[in-house]
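Subject: the structure I promised you

Hi,

Here is the structure we talked about. Have a look at it first, and then read on for what turned up.

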Amino acid sequence: MKVFDIAPVRFIDDKMMILDQTRLPGEEVYIEAQTKEDVWEAIYHLKVRGAPAIGVAAGYGLYISVRGYEGREMEGFRKLVRETSEYLNSSRPTAVNLSWALKRMERVLDEATEKAGGGLTVEDAKGLMLAEAEKIRIEDEESCRAMGEYGLSLLKPGMGILTHCNAGTIATAKYGTCLAPIYLGKERGYDFKVFADETRPLLQGARLTSWELHKSGIDVTLICDNMASIVMKNGWIDAVVVGCDRMAANGDGANKIGTSGVAILAKEYGIPFYMFVPTSTIDLDTPTGDDIPIELRKGEEIYQMWYEKNMAPEGIKTYNPSFDVTDHKYITAVITEKGVVRPPYDVNLRKLKNE
């Protein structure tokens with residue numbers, strides 16, 4: 001089976017099925033989300049993760065959360081949609097695709113209601129929401145494929161590539177963002193040698209990236225996060241590719257914790273650092289990375305989650321930010337589905353979004 005056959009979110013026969021990524025690589029299990037609480041819990045607990053996949057889950061999730069509404073009044077239905085959207089948006093604050101997808105779902109409903117002049121039924125509205133969720137999924141798949149082509153244009157056969165966290169096919173509708181050029185390169189005989197940071201503390205690189213690349217027959221070597229410097233010094237890395245959960249207007253990019261350190265190392269060793277960012281992840285309303293909210297998670301993820309017994313003293317204080325922000329000065333280029341963006345990002349990102 002190709003890894004492309006494994007989607008993070010499936011919607012079949014009016015059922016929303018989520019690949020439980022907390023159980024990978026040991027088990028490939030899909031769970032059904034039936035309520036807004038199911039969707040919230042799946043996003044918060046990282047059963048579905050990756051900014052684009054969260055956006056897809058938000059679209060379908062909002063629909064399945066309100067499809068049981070039995071009233072006939074549109075105003076009551078729209079009120080429920082707004083309240084449910086606000087609830088789902090509270091599950092994770094950093095990834096902008098969550099709020100972007102929810103606002104998009106609300107907007108299509110508001111515009112249709114206004115256009116119909118009171119003639120839109122609740123059942124019609126539900127159908128519009130499902131169709132919009134499907135559009136979000138299809139657009140993301142097309143976006144990832146395009147990013148793969150643009151990203152591949154920056155890489156050469158035989159390159160050693162370092163990646164951090166997971167921005168692969170299970171973090172998106174299909175193909176992935178920063179892993180898309182690696183998959184396309186595989187099809188075209190580029191023979192990339194990929195090094196995957198384990199990505200502490202939730203081990204997305206170990207559990208997810210190494211799993212999907214190995215499953216696809218790609219040459220992948222798993223390393224601890226603190227080994228990135230030595231593999232760069234050894235001359236084994238020719239490029240770094242990473243995803244992004246929110247990019248500010250000036251080009252600062254929030255991604256999984258540890259990304260900024262990799263970027264600083266790449267700059268020191270003269271290695272290009274490429275951040276793959278769907279335009280839906282570019283937030284022009286956020287001026288700089290300092291304005292991006294950083295999710296803080298429970299300390300047990302550091303010292304308890306993967307161990308049979310605690311690996312820290314009882315009562316130890318912890319600091320567990322889920323993301324950090326890479327300063328735009330460390331980013332060689334931003335790869336989007338519309339093309340490759342280079343500095344000055346404050347000018348060129350805005351120009352790209354307004355095209």
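A quick word on naming before the details: helices (H or I, at least four residues) and strands (E, at least two) are DSSP runs, numbered from the N terminus. Residue numbers start from 1 along each chain as its sequence is written, and side-chain values use heavy atoms, with hydrogens and water left out. Please keep in mind that this is a predicted model: local features need pLDDT of at least 70, side-chain atom pairs count only at pLDDT 80 or more, and totals for chains, interfaces and linings use all residues.

Let me start with the cis peptide bonds. One joins Leu-24 and Pro-25, with omega about 5°. Pro-25 lies in the loop between strand S2 (residues 15-19) and strand S3 (30-33). Another cis bond runs from Arg-200 to Pro-201, with omega near 0°, and Pro-201 is in the loop between strand S5 (193-197) and helix H7 (204-215).

Next, some backbone angles to look up. Asp-13 is not a glycine, yet has a positive phi of about 55°. You'll find Asp-13 in the loop between S1 and S2. Tyr-175 is also a residue other than glycine with a positive phi, near 75°, and lies in the loop between S4 and helix H6 (180-187). Are these residues buried or exposed? Buried means under 20% relative accessible area, exposed over 50%, and partly exposed in between (1.4 Å probe, protein chains only). Asp-13 has a relative accessible area of 70%, so it is exposed, whereas Tyr-175 is buried because its value is 13%.

Now the inside. A nonpolar core here is a set of buried Ala, Val, Leu, Ile, Met, Phe, Trp, Tyr and Cys residues joined through side-chain atoms within 4.5 Å. The largest one has 38 residues, and Met-16, Val-48, Phe-77, Leu-109 and Met-129 touch the most other members. Several elements supply at least two residues each, among them strand S1 (9-12), helix H3 and helix H5 (122-152). Helix H2 gives the most, with eleven residues. Apart from this core lies another, of 28 residues, including Ala-180, Val-194, Leu-213 and Val-241. As background, nonpolar side chains tend to be buried together in soluble globular proteins.

What does Phe-77 contact, leaving aside its neighbours within four places in sequence? Contact means heavy atoms within 4.5 Å, and the partners of Phe-77 include Val-66, Tyr-69, Leu-109 and Met-129. Ser-85 is in helix H3 (residues 74-89) and counts as buried because its relative accessibility is 3%. Val-9, in strand S1, counts as buried at 5% relative accessibility. Beyond its neighbours within four places in sequence, Val-9 touches residues including Met-16, Val-48 and Tyr-60.

Last, strand S7 (residues 239-242): Ala-239 and Val-241 point one way, Val-240 and Val-242 the other, and all are buried. In a regular strand the side chains alternate between the two faces of the sheet. Strands pair if DSSP finds at least two bridges between them. Strand S4 (residues 160-163) pairs with S7 in the parallel sense over three bridges, with Ile-161 opposite Ala-239. S7 and strand S10 (residues 273-276) also pair in the parallel sense over three bridges, and there Val-241 stands opposite Tyr-274.

Cheers
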